[in-house]
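Biologist: I would like to learn how to read a protein model. Could we go through one feature at a time?

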Amino acid sequence: MRALLYDRQKLITHIKGAPKVGDALHQQAERYGSSRVVIAMVDNDKHLFSIPKLKPFDQVVLRCEEPGCLFVVYRHRKLASQYLIVLDPACDGWLYGNLRAAGLQPQAYQLPELLNDFLGFTKSIRAEEQPEIVSLLKALRTSAPPAYARLAAFVTERLGEAGQAGW
């Protein structure tokens, strides 16, 4: 989300675990109904839609099948302002696939070149705040490989609808 929202940290809440993301979406719905655009992002998991609070996200609004950078955006069946982005592979692997699609080399940002090592780095505490990752995310935004560009355009459109555009 940091890359998609151009570092607008006040718009991001990091919640670990799809069940907790479902809880947060449910709380947003109870508090604001359809008056607030909410976009959540989770990693793909075969049990994802067995989570009760994620079951209502059953309307596919966007699908991308770029090799190594798959994603599907779902909308809540009753709350048209709530979206769930499902990344495949998981977020850090998805970023790595987009880096490669953009022709970016992780080692140019002092990050491990090989996927397994890259994933190990991103699993560290607060990896998204490390200067190497921040620089890499900025480069990803600038180069905008196809899967990233499609997802970024979708997020930008939703934010524009919510009056949050302007970057």
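Modeller: We will take the sheet, then the helices, then the cysteines. Keep in mind that this is a predicted model.

Biologist: What is the order of the strands in the open sheet?

Modeller: In general, strands of a sheet pair through backbone hydrogen bonds, either parallel or antiparallel. Here four strands form an open sheet in the order β1-β4-β3-β2, and the pairing is mixed. β1 (38-43) and β2 (57-64) are at the edges with a single partner strand each, so one side of each has no neighbour in the sheet. From one strand to the next, the twist averages 25 degrees.

Biologist: How many bridges join β3 to β4, and do these strands run parallel or antiparallel?

Modeller: Strand β3 (residues 70-76) and strand β4 (residues 82-88) run antiparallel, joined by six bridges.

Biologist: Which strands does helix α2 lie across?

Modeller: Helix α2 (residues 91-101) lies across β1, β3 and β4, and runs at about 70 degrees to β4. Helix α5 (residues 146-161) lies across β1, β2, β3 and β4, at about 130 degrees to β2.

Biologist: How many residues of α2 are buried?

Modeller: The general idea is that an α-helix has 3.6 residues a turn, so residues three or four places apart point the same way. In this model α2 is mostly covered, with eight of its 11 residues buried. Among them are Trp-94, Leu-95 and Tyr-96. The buried residues of α2 pack against β3, β4, α3 (115-122), α4 and α5. After α2 comes Gly-103, which has a positive phi near 80 degrees.

Biologist: Why does Val-134 count as buried?

Modeller: Val-134 sits in helix α4 (residues 131-143). Its relative accessibility is 14%, and buried means under 20%, so Val-134 counts as buried.

Biologist: How many disulfides does the structure hold?

Modeller: A disulfide is a covalent bond between the sulfur atoms of two cysteines. This structure holds zero disulfides.

Key
Residues numbered from 1 in each chain as written. Predicted model: local features only at pLDDT ≥ 70, side-chain atom pairs only at ≥ 80, totals over all residues. Heavy atoms only, no water. Pairing = 2+ DSSP bridges. Helix = DSSP H or I, 4+ residues; strand = E, 2+ residues; numbered from the N terminus. Axes fitted to C-alpha atoms, helices over the stretch in contact; angles between N-to-C directions. Contact = heavy atoms within 4.5 Å. Buried < 20%, exposed > 50% of the residue type's maximum accessible area, 1.4 Å probe, protein only. Disulfide = S-S within 2.5 Å.
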